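The entries follow the order in which I looked things up.

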Amino acid sequence: MMQKEKRTTAIVLAAGSGKRMESSIKKQYMLLDGKPVVYYSLKAFQESFIDEIILVVSAGDTEYCRKEIVERYGFDKVRYITEGGRERYHSVAAGLRNARDCDFVFIHDGARPMITQELLSRLLACVTEYGACVAGMPVKDTIKIADENGFIEQTPDRRLVWMIQTPQVFEYTLIQNAYEQLLEREQEFLSKGISVTDDAMVVESLTGHKVKLVEGSYENMKITTPEDMKIAELFCKET
């Protein structure tokens, strides 16, 4: 009996405000080598093994994204465009609510335009084996942990410290369960001052499931500042 092929969904997050870009245009819509930043992530998933894409956008941006990005560039794998929430984890939860009939979920920041087919394939192989994995890279610099007064408290072994990127990839039932717990305990987290910054943290802290690190690329950068746009332009010209 043949094994059923696993279904994969990509959730592309494009609901950020981009305050540090110093621009009236949201960073995901700024032009990078003539195309909106978010175009590159959608193109990578469109041309990959991914079965469907869920695009999460800011409130009021749904029709703009549908007409000016999805339809304009022919991204027919984008099956849902949904509005995000106040925090990143609210936007991920909104995407997960539309990702029901899949085995694996790839969660990706739309402000990271330089993902490759090779990385996506390695992440798929890894999540198939371990159930949870994230792209990242070992840090180049020495990292210091500071105390509350700004003095060095400790220096972690640089060999063990990674910069975490996206995509972050999980078995659907695992990430869905983790996010359900997070939303149920949201006030508890807020009262303790716990900041939820990535999906791996949600899975680790609420399910205990270990998350495997997969080497990404130093080019898989997140566009946050005007300087990042200049660097991304150089990378685009090299590809």
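I looked up the partners of strand β7 and found that 4 bridges join β7 to strand β11 (residues 212–215), the two running parallel. Strands here are DSSP runs of E of at least two residues, and helices are runs of H or I of at least four, numbered from the N terminus; two strands pair if DSSP finds at least two bridges between them. In this pairing, Ala135 stands opposite Val214 in β11. With strand β10 (residues 162–171), β7 runs antiparallel, joined by 6 bridges. There, Ala132 stands opposite Phe170.

I note that the model is predicted: local features need pLDDT of at least 70, side-chain atom pairs count only at pLDDT 80 or more, and totals for chains, interfaces and linings use all residues. Residues are numbered from 1 along each chain as its sequence is written, and side-chain values use heavy atoms, with hydrogens and water left out.

I then checked burial (buried means under 20% relative accessible area, exposed over 50%, partly exposed in between; 1.4 Å probe, protein chains only). In β7 (residues 132–138), 6 of the 7 residues are buried, so the strand is largely enclosed by the rest of the structure.

I searched for disulfides (cysteine sulfur pairs within 2.5 Å) and counted 0. Cys126 is in none, its nearest cysteine sulfur being that of Cys133, 4.1 Å away. Cys126 is buried at 9% relative accessible area, and Cys133 is buried at 0%.

Last, I looked at the nonpolar cores (buried Ala, Val, Leu, Ile, Met, Phe, Trp, Tyr and Cys joined through side-chain atoms within 4.5 Å). The largest has 42 residues, with Leu42, Phe45 and Leu55 making the most contacts inside it.
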